[in-house]
Amino acid sequence: MLKEFSINLIAVTGVLWLIYVSTRFARYLADAAVGNMPADVIFSLLGLSSLGALSILLPIGAFLAVMLGLGRMSSDNELTVMAACGISNLRVMRNVLLFAGSIAVIVAVLALYIVPGVMSDRYELQQRAKVSANTTGLIAGSFKESRDGDWTFYSEGLSANKQFMENVFIEIHREEKPLIFRSETGYFEVDSITGNKFLVLDDGYRYEGKAGDQDFTIAQFGSHSLLVEKGDDGEVRERHKAMPTKQLLERGEAQDIAEVQWRTSAALMTLLLCLMAIPLANAGPRQGRYAGFVPAVLLYIVYSNLLGVNRAWVAKGDIPLWLGGVWVHLLMLGLLLVLLNRQKLRRILDQYRQRISS
């Protein structure tokens, strides 16, 4: 059984991983095509993203692996023969629990320790790629407009690593008071927390107003930052997901505890889903081995969505922190007990109906 579960796990997780990688690859290609990131970082981002997705793919992969293994044994009447030979359902559950426990430990290590580091590396690489995208296509001695056309800048030359501009001239288009900057050097910088993108100018002058007007001002500066692009909420959330688990626990805010509960829920979900596969895979007479897959997929969707809703509620403070990490798993544990004892419950209901009818 363990061998069959492992083979199914590799196959199912491999297929899901390929789907995820192909989707991400298409997204990164689209960003590179419009100039949002350099093409040479696509495969680095793809590798980090695919590694970070394992903590999400392994629970559903283990669930479907157990479903495939037990579904085949049920359709081939192997489970019936095993029960006739005196092998109890508890022994089957023990093997499933051994397999699920091993995968749950791997998922816990990935979600709590490895994936946050991988997400942090991916976030930093994405920010550096955004910085490089602003200087990509910049030719020394030519003008270049921003994406929204609000400002135009000119650089006499670029440094060897193409990260710094030399003898920079910038014009910000404003009807009332045009704004012009001239500096010795300039470079792009991204705030690691908010995702805001700045153009930093060093050793230059700022000219504001129209030539010939009395309110024309000239100011000299050592360093001046211009907000080029404001970071969106998605970048803030992505940065929060990349924070180490230890740091989240030390901060102890509601959104931090919600993130920790989300990471630990992946391991618990692996255990409960694999155990739920036992009654779902035990198909009845004249039913195929895939008869339980529709309710299994629906169960996974409900489970994962409840965890997502619980995460949002805990982050907003709508429910207590101690309850947020418990109620979803207790609900699924109760459903698991109902599925495992459905025949006994059915007999009790039949006896109750007979008593009422008599």
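This dialogue walks through how to read some features of the structure above.

Colleague: What kind of model is this, and how are residues numbered?

Modeller: It is a predicted model: local features need pLDDT of at least 70, side-chain atom pairs count only at pLDDT 80 or more, and totals for chains, interfaces and linings use all residues. Residues are numbered from 1 along each chain as its sequence is written, and side-chain values use heavy atoms, leaving out hydrogens and water.

Colleague: How many helices and strands does the protein have?

Modeller: Helices (H or I, at least four residues) and strands (E, at least two) are DSSP runs, numbered from the N terminus. The protein has 12 helices and 6 strands.

Colleague: What share of the residues is buried?

Modeller: Buried means under 20% relative accessible area, exposed means over 50%, and partly exposed lies in between (1.4 Å probe, protein chains only). Of the 358 residues, 41% are buried. The protein exposes about 19,900 Å² (Shrake-Rupley method, 1.4 Å probe). Carbon and sulfur atoms supply 60% of that area.

Colleague: What do the contacts say about sequence separation?

Modeller: A contact means heavy atoms within 4.5 Å. Take contacts between residues at least 6 apart in sequence: 60% of them join residues at least 24 apart.

Colleague: How many disulfides are there?

Modeller: A disulfide is a covalent bond between the sulfur atoms of two cysteines. The search looks for a pair of cysteine sulfur atoms within 2.5 Å. Over the whole structure it finds 0.

Colleague: Are Cys-85 and Cys-274 buried or exposed?

Modeller: Cys-85 is exposed, at 61% relative accessible area. Cys-274 is buried, at 0%.

Colleague: How should I read the span of helix α9?

Modeller: Compare it with the expected span, which is 1.5 Å times one less than the number of residues. Helix α9 (residues 293-316) has 24 residues and should span 34 Å. Its end C-alpha atoms are 35 Å apart, which agrees.

Colleague: Which residues of α9 are buried?

Modeller: An α-helix has 3.6 residues a turn, so residues three or four places apart point the same way. The buried residues of α9 include Phe-293, Ala-296, Leu-299, Tyr-300, Tyr-303, Leu-307 and Val-314. The buried residues pack against α3 (54-75), α8 (254-281), α10 (321-324) and α11 (327-340).

Colleague: Where does Gly-308 sit, and how exposed is it?

Modeller: Gly-308 is in helix α9. Gly-308 is partly exposed, because its relative accessibility is 28%. Its C-alpha atom is 9.8 Å from that of Ala-258, 50 residues apart along the chain.

Colleague: How does α3 read on span and burial?

Modeller: α3 has 22 residues. It reaches 30 Å from its first C-alpha to its last, close to the expected 32 Å. Of its 22 residues, 17 are buried, so α3 is largely enclosed by the rest of the structure.

Colleague: How do I read the packing of α1 against α2?

Modeller: Two packed helices are described by the angle between their axes and the distance between the axes. Axes are lines fitted to C-alpha atoms, for helices over the stretch in contact; angles run from 0 to 180 degrees between N-to-C directions. The axes of α1 (residues 2-33) and α2 (residues 42-52) come within 10 Å and cross at roughly 145°. Residues that meet include Trp-17, Tyr-20 and Phe-25 in α1, and Ile-42, Phe-43 and Leu-46 in α2.

Colleague: What should I look for in phi?

Modeller: Most residues other than glycine have a negative phi, and most peptide bonds are trans. Asn-167 has a positive phi, near 50°. It lies in strand β3 (residues 164-172) and is partly exposed at 31%. Asp-203 also has a positive phi, about 55°, and lies in strand β5 (residues 197-208). Gly-317, which follows α9, has a positive phi near 80°.

Colleague: Is Phe-181 buried or exposed, and what does it touch?

Modeller: Phe-181 lies in strand β4 (residues 179-190). At 1% relative accessibility, Phe-181 is buried. Not counting residues up to four places away in sequence, Phe-181 touches residues including Val-168, Ile-170, Leu-201, Tyr-205, Phe-221 and Leu-226.

Colleague: Where is Pro-244, and what does it touch?

Modeller: Pro-244 is in the loop between α6 (233-241) and α7 (245-251). Pro-244 is partly exposed, at 42%. Beyond residues up to four places away in sequence, it touches Pro-116 and Arg-263. The C-alpha atoms of Pro-244 and Pro-116 are separated by 5.7 Å, though the residues are 128 apart along the chain.
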